[in-house]
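Here's a quick briefing to read alongside the coordinates. Have the viewer open and follow along by topic.

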Amino acid sequence: MNGRTVLERFPAGGPRGSWPAEEFAQARRLEGLPAEVVMDLASDTFLVIVRSGEAAVDVVA
């Protein structure tokens, strides 16, 4: 395993001026999860992740 849990996936081609992955990650941070956004270049997708050891999360998108 790569040491992360993927909470949600968002296509990179979102509407101009829209940052749905960042908005989702911010909402998770407000809930207490140390969520961050990373880019998966192979699938051209933004992933909202929590790294292992930072929170106990059983949710996988």
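In what sense do strand 1 and strand 3 pair, and over how many bridges? They pair in the antiparallel sense, with seven bridges between them. Keep in mind that this is a predicted model.

- Three strands make up an open sheet with antiparallel pairing, and their order is 1-3-2.
- Strand 1 (4-11) and strand 2 (36-40) sit at the edges with a single partner strand each, so one side of each has no neighbour in the sheet.
- On average, neighbouring strands are turned by 35 degrees against each other, direction ignored.

**Strand pairs up close**
- The hairpin of strand 2 and strand 3 has four residues between the strands, and D44 takes a positive phi near 55 degrees.

**The helix**
- Helix 1 (residues 20-30) packs on the sheet and touches strand 1, strand 2 and strand 3.
- The direction of helix 1 makes about 145 degrees with that of strand 1.

**What's inside**
- The largest nonpolar core has seven residues: L7, F10, A21, A25, A35, V48 and V50.
- Strand 1, helix 1 and strand 3 are the elements that give two or more residues to this core.
- Nonpolar side chains tend to be buried together in soluble globular proteins.
- Strand 3 is largely enclosed by the rest of the structure, because five of its seven residues are buried.

Definitions and conventions:
Residues numbered from 1 in each chain as written. Predicted model: local features only at pLDDT ≥ 70, side-chain atom pairs only at ≥ 80, totals over all residues. Heavy atoms only, no water. Pairing = 2+ DSSP bridges. Axes fitted to C-alpha atoms, helices over the stretch in contact; angles between N-to-C directions. Contact = heavy atoms within 4.5 Å. Core = buried A, V, L, I, M, F, W, Y, C linked by side-chain atoms within 4.5 Å. Buried < 20%, exposed > 50% of the residue type's maximum accessible area, 1.4 Å probe, protein only.
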